[in-house]
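Let us walk through this structure together, one step at a time. Keep the sequence and the 3D view side by side as you read.

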Amino acid sequence: MEKFKDIKVRYRRRFMIAIGLSVLLLFVLTRNAFIPCLAFTDSTGDVGSTIGGVLGTLVAIVAAYLTFIAFLEQYRSNELLSEEQEKSKKDLKIERFESKFYQMLDIYSKDVEAIRCGEFKGKEAFPELLGELKTIYQYLEHENSVFRNKVQHPDAARYKEEKAIYANSADIIDGSKKTKYNTKLAYDLFFYGQPHIDKFETLNKDERQLDMYYYRSLATLKWTVDKSLSYRNETVKLSSGSKEYAAPNPLLKGHNEALGHYYRHLYNLVKYVAEFDDEVISEDDKYEYVKLLRSQMSDSEQLLLYYNAFSDMGRKWRYKHIANDCADEKLKKRKEMCYLSRFRLIKNIPYSSPTFGYTPHYAFHDDIDTWRTEFGKRYFEHDLLYSISDASNGAATD
């Protein structure tokens with residue numbers, strides 16, 4: 001509205017100047033001229049005719065000028081009105097975006113409160129869930145060693161099944177794929193539990209055989225309730241050959257029902273922010289919105305999100321994206337990262353977290369380097385304390 005007031009003031013000022021000049025000319029032209037050639041005579045006509053001829057032209061010029069000014073001011077007014085309307089539309093889109101974002105954030109908080117693990121619930125459940133996952137991983141690592149010893153045993157002929165599996169899966173059991181394979185299988189067993197056996201048909205033959213071998217070993221375990229023990233404190237111990245163990249709650253019961261809904265909603269929330277119109281919400285603003293989400297996630301929650309993303313069911317978190325329509329090369333690099341890296345959703349994992357298996361520092365090595373070299377920022381808060389060389393083949397020391 002202030003801009004419209006300025007237009008009215010300018011228009012009034014110019015009109016008054018034009019009127020003033022017309023009155024001044026009337027006074028000047030009716031005086032005796034100091035210069036004879038400008039005096040009114042019979043040849044030039046009487047004063048009235050001269051004034052009419054001169055002022056008529058001047059008035060026509062002034063009228064044309066004022067008409068032009070009027071059209072110009074109208075054009076400017078339309079531009080201002082258009083800008084105000086566009087700003088109002090953008091503000092409305094931002095308001096709608098924030099309304100939905102905070103609704104989804106509220107649903108996320110309720111999803112977290114609904115998560116249970118034994119006696120723990122909400123935020124307190126995540127360290128226990130992470131400890132349970134780590135227990136399964138450690139058991140698989142131990143079984144992996146037992147499996148290898150059987151194949152290499154002097155009397156290995158009696159281990160026909162193990163030898164047949166090893167012939168096709170040596171790189172998984174002994175080679176570079178071992179850590180990655182054990183990490184994924186541990187999360188699959190943790191997530192699906194006993195029904196996980198239905199998933200074997202979708203895997204390739206070699207992995208299916210090895211999966212079944214480990215699964216049968218875990219499925220024979222029996223447990224007794226001991227509420228004094230805790231997965232998070234690593235007081236639950238599994239050893240190969242022993243069929244019984246004590247724990248606050250059993251392994252392989254699965255967490256798909258609670259965690260499945262939680263991760264689907266969490267992914268949709270981040271996707272909603274990431275894919276919103278860049279003309280309305282800039283990339284830096286999008287980062288701030290997701291940062292607000294991340295600030296509500298505990299360290300254990302962020303670490304468990306990584307292991308979910310590393311598994312088959314959470315692979316969308318790792319998908320690279322295409323941003324061909326982005327002219328800014330640095331911005332393009334950010335937008336083409338997976339969601340975990342683009343918004344550094346696991347940034348707050350501390351150095352002391354119980355990282356195990358195929359670590360995020362190894363999995364996101366390229367993105368860690370991009371954030372450091374291209375944007376001058378650390379992927380993790382503790383990067384100054386951690387070197388990628390600390391992990392051999394992606395495996396962290398406990």
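Is Lys177 buried, partly exposed or exposed? At 48% relative accessibility, Lys177 is partly exposed; here buried means under 20% relative accessible area, exposed over 50%, and partly exposed in between (1.4 Å probe, protein chains only). Before going further, please note that this is a predicted model, in which local features need pLDDT of at least 70 and side-chain atom pairs count only at pLDDT 80 or more, while totals for chains, interfaces and linings use all residues. Residues are numbered from 1 along each chain as its sequence is written, and side-chain values use heavy atoms, with hydrogens and water left out.

Let us take the whole chain next. It has 13 helices and 4 strands, where helices (H or I, at least four residues) and strands (E, at least two) are DSSP runs numbered from the N terminus. Of its 398 residues, 40% are buried. A contact means heavy atoms within 4.5 Å, and among the contacts with a separation of 6 or more, 70% are between residues 24 or more positions apart. The accessible surface of the chain is about 22200 Å², and 54% of that belongs to carbon and sulfur atoms; such areas come from the Shrake-Rupley method with a 1.4 Å probe, and for residues only the protein chains shown count as cover.

Now for the charged pairs. Side chains of opposite charge can pair when their charged atoms come close. The structure holds 20 salt bridges, each a side-chain nitrogen of Lys or Arg within 4 Å of a carboxyl oxygen of Asp or Glu. One of them joins Arg232 and Glu124, at 3.7 Å from N to O. Arg232 lies in the loop between strand 3 (222–225) and strand 4 (244–247), and Glu124 in the loop between strand 2 (120–121) and helix 3 (125–152), so this pair ties together parts that are 108 residues apart in sequence. Arg232 is partly exposed at 26% relative accessibility, and Glu124 is partly exposed at 47%.

Another salt bridge is formed by Glu162 and Lys150, whose closest N and O atoms are 3.7 Å apart. This pair links distant parts of the chain, with Glu162 in helix 4 (residues 160–173) and Lys150 in helix 3, 12 residues apart. Glu162 is buried, with a relative accessible area of 7%, whereas Lys150 is partly exposed at 23%.

Lys177, where we began, has a partner too: Asp171 forms a salt bridge with Lys177, with the closest N and O atoms 3.3 Å apart. Elsewhere, salt bridges that share partners join Glu283, Asp284, Arg334 and Arg342 into one network. Glu283 is found in helix 8 (residues 283–294) and counts as buried, at 7% relative accessibility. Leaving aside residues up to four places away in sequence, Glu283 touches Leu331, Arg334, Lys335, Arg342 and Phe343.

A pocket is an open set of points on a 1 Å grid over the protein atoms alone, where a 1.4 Å probe fits, with protein on both sides within 12 Å along at least five of seven lines; lining residues have an atom within 4 Å of a point. The largest pocket holds about 280 Å³ of space, a volume being the space filled by probe spheres set on the points. Of the 15 residues lining this pocket, the closest to its centre are Tyr263, Arg264, Met313, Gly314 and Lys316. Helix 7 (residues 256–274) gives the most to the lining, with 6 residues.
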